[in-house]
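I opened this notebook to record how two chains meet, and what I looked up along the way.

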There are 2 protein chains.
Amino acid sequence: MAQKLIGKQTFVMQNPPSFAGHACAVGKKEGDGPLKNSFDFITQDAFFGEKSWEKAESAFVKKAVSLALSKASLSNSDINCVFCGDLLNQCVGTTFGMREAEIPMFGVYGACSTMAESLALAAMAIDGGFADKALAVTSSHFCSAERQFRTPLEYGGQRPPSAQWTVTGSGAAVLTSEGPGPYVKFVTPGKTVDNGTTDANNMGAAMATAAYDTIRTHLEDRGVGPEAYDLIVTGDLGLVGSKILCDFFAADGIDLASRHADCGLLIFDRDRQDVHAGGSGCGCSASVLCGYLLNGMREGRWQNILFTATGALLSPTTTQQGESIPSIACAVAISNAR
Amino acid sequence: MAQKLIGKQTFVMQNPPSFAGHACAVGKKEGDGPLKNSFDFITQDAFFGEKSWEKAESAFVKKAVSLALSKASLSNSDINCVFCGDLLNQCVGTTFGMREAEIPMFGVYGACSTMAESLALAAMAIDGGFADKALAVTSSHFCSAERQFRTPLEYGGQRPPSAQWTVTGSGAAVLTSEGPGPYVKFVTPGKTVDNGTTDANNMGAAMATAAYDTIRTHLEDRGVGPEAYDLIVTGDLGLVGSKILCDFFAADGIDLASRHADCGLLIFDRDRQDVHAGGSGCGCSASVLCGYLLNGMREGRWQNILFTATGALLSPTTTQQGESIPSIACAVAISNAR
C-alpha cells in the first residue's frame, strides 16, 4: 500500500531529495525587472542568436541546463533522467533544447504549472529509488507564445488589464538523493478544476480556483495552517488571480495574504514595465524559483516555502470552440531542514 | 543511492504493480480492422455525439477510462493519480477528457510514445510508494490530428506510401500495488534521438532509431537477449520503421524480427484498409495494448512482452522551420509472473 501518501493526495518524501544546482536564463525585459540580480544569465537579444523565437526558446533551455549542471558540478551523463515541458505546441521548446543532451527524458505538460510538475516527478523518481540525480526544466518565450496563443506580434492588438505577459526565460534545477538542501519534502499534485472562466485574457481568474484547491488540500493533508510556511508562492496568478485566491482563503477565515507571493507579480515591476496583470508562462515560475526563491532559501531568508505553480490547460482551439478553461496547480514543499 | 536502477537507464520495480483493469474505445475504421474483437467499445460516429473532433477525442478518453475503472471494480475516487497526454496542442484531448474526473493529474507529452510514458510513471508512482492505484490514459483522433498536423481533411491531399494513419481511439489502464497481474516489471525511458529525418510523412524512419536505442539499452541493462520476451512490440513504426528497426538489430547479429510486432501494423489490414504504412498516434499503441496485448497475456498467449511505444517529437512549426525530427521510445516490460 502507498506508504508515502498522506490525506487525500499529498506525497511525503521519505528521504527528501536535495537541490544540487539551479539556474535561470532570461530575456531583456526580465533582466530589467526587480529580480534582475537573481538571474544567472540575461540576454539582450530575444532571438538569442537563433533564427526563430522557437529556436531561441530552446537556446534558453540549453543555457539554463548547462548553468544548473555546472553549479552542481555535474555533467549530462551524471543525470539519470530529465522531466521537462513547455507551452509550445508539442512541447518543442524543451524537446529541441534537450535534443542533444542524451539524458533519458520524460516530457510533461502542465501549462504554466510545468515547473512544479517536473520538480514533483523528479523528486518522486529519486525518492522512489529509481534515480540518483534528476533534472527539471521548463521554458517560455513571450514572442513564441504570443504568436501561438494569441495574435501575431505585428498585429499590435490591445491587451486588456487582466492580460499577463509571458516571461522569456528558462529555469532548471538538479535534484540529488543526497545533499545539503534545500530539500523537496512534500508534493501535492493538483486536480483539474474548471470554474467556467472563458476569457483567455483572464487566466489568473481561471487558475485561482485550482491554486485554492491544491493549497487547501495540501494544508489539510498535512494538518497545518499557512503558518507552516514562510512563503506560499503561486506561479502566475498575477494581480487578478492573486486577489481571488486570497479572498477565497479569507472567506474560510484563513489569512493567506500575509505570506502569499506570486512569481508573476515578483518578476516584473507593474508600474514601470507595462505588463498589465503581471508575468506568466512556464518560464515565469521556473526562473523565479531557480533564482530568487532558492537563492533566498540558501541565504536563510525563508526556511520553508510552498511552491505552487499554476496552469491554464486551454488551447486556442478549445477557446475558439467556446470551451471554458480547465486549470491545475501542483504544489511542491521545499525546506532547508531535511 | 538509486537502488532500483540497473545498467544505464532501466528502472526495476521492486513490487511490480499489477494491471487491475484496461480498456479501449475506438472508431469505425479501427473496428473494421483485424483486432476488432479485442476492442471494448467501437463507435460508428467519428464525432462520438459531440460537435467537434477535438471534443470527440475527449469523449473517447472518458469512455476508455470509465470502462477500465469498471473492469477493475473501482471508481474515480479510488485512483490516487492519473498520467495522461495526447497529440493535440496543449494536450486538450486528455485534459478535457479528465476535466470532471477529480483525480490528481500529471499531464505528460511523449507524442505517440505517451502510453508507455504514462504507464511507466504510473508504475513508478506505485512502486515508489506514493500511490496505491494509478491510471494511465492516452488518445488520438484521425480527424483532429490530420487537421492540426497536416492539412484540412477537405483539402484531400495525397499521402505518400510512407505516411501512416492516425488511429481514432483511446486506451486506459489502471495499475494497482497488489493484484493478479500482468505486472509492470521494468521501465526504460528513452533518450531523444535525431537521425536527421526531415520528412514529416515518414515518421517511422525518424522513430526507428529511437526504438533501436531504447530496446538495445533495455536488453543490455538487463543483460538479456530478445528471447527474454515472447513479443517485443513497438508503438507505431509502421512498415517502413519496423523494417529499419529489424535491420539495425540484424546488423548487430541479433534476430529481432522473429519476435517483433508493431501496433501500427497490427491494428489495420494494410491490403484492405488503405492506411499506407500502418497506424499511428497515441491512441494506436494504447488501444492495442489495452485490448489485444493485455488480453493475450491474460489468455496465456504471451508471458513476457516489451511494450515500446515510439514518438516523433516534431511540431508543424519545427517542420516549417526546416528542423529534423527528434524521436523517443519508452519501454515498459510486462510479465505474467511477478
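I began with the interface, where 56 residues of chain B are in contact with 55 residues of chain A, contact being counted when the C-beta atoms, placed from the backbone, lie within 7 Å. I noted that helix 4 of chain B gives the most to the side of chain B that touches chain A, namely 5 residues; helices here are DSSP runs (H or I) of at least four residues, numbered from the N terminus. Sorting that side of chain B by class, I found 27 nonpolar, 19 polar and 10 charged residues, with Ala, Val, Leu, Ile, Met, Phe, Trp, Tyr, Cys and Pro taken as nonpolar, Asp, Glu, Lys and Arg as charged, and the others, Gly among them, as polar.

I kept in mind that this is a predicted model, in which local features need pLDDT of at least 70 and side-chain atom pairs count only at pLDDT 80 or more, while totals for chains, interfaces and linings use all residues. Residues are numbered from 1 along each chain as its sequence is written, and chains are lettered from A and ligands numbered from 1 in the order in which they are written. The predictor gives the complex an ipTM of 0.98 and a pTM of 0.98.

The same surface serves both copies, since 98% of the contact residues of chain B recur in chain A.

Terms used: Two residues are in contact if their C-beta atoms, placed from the backbone, lie within 7 Å. Helices (H or I, at least four residues) and strands (E, at least two) are DSSP runs, numbered from the N terminus.
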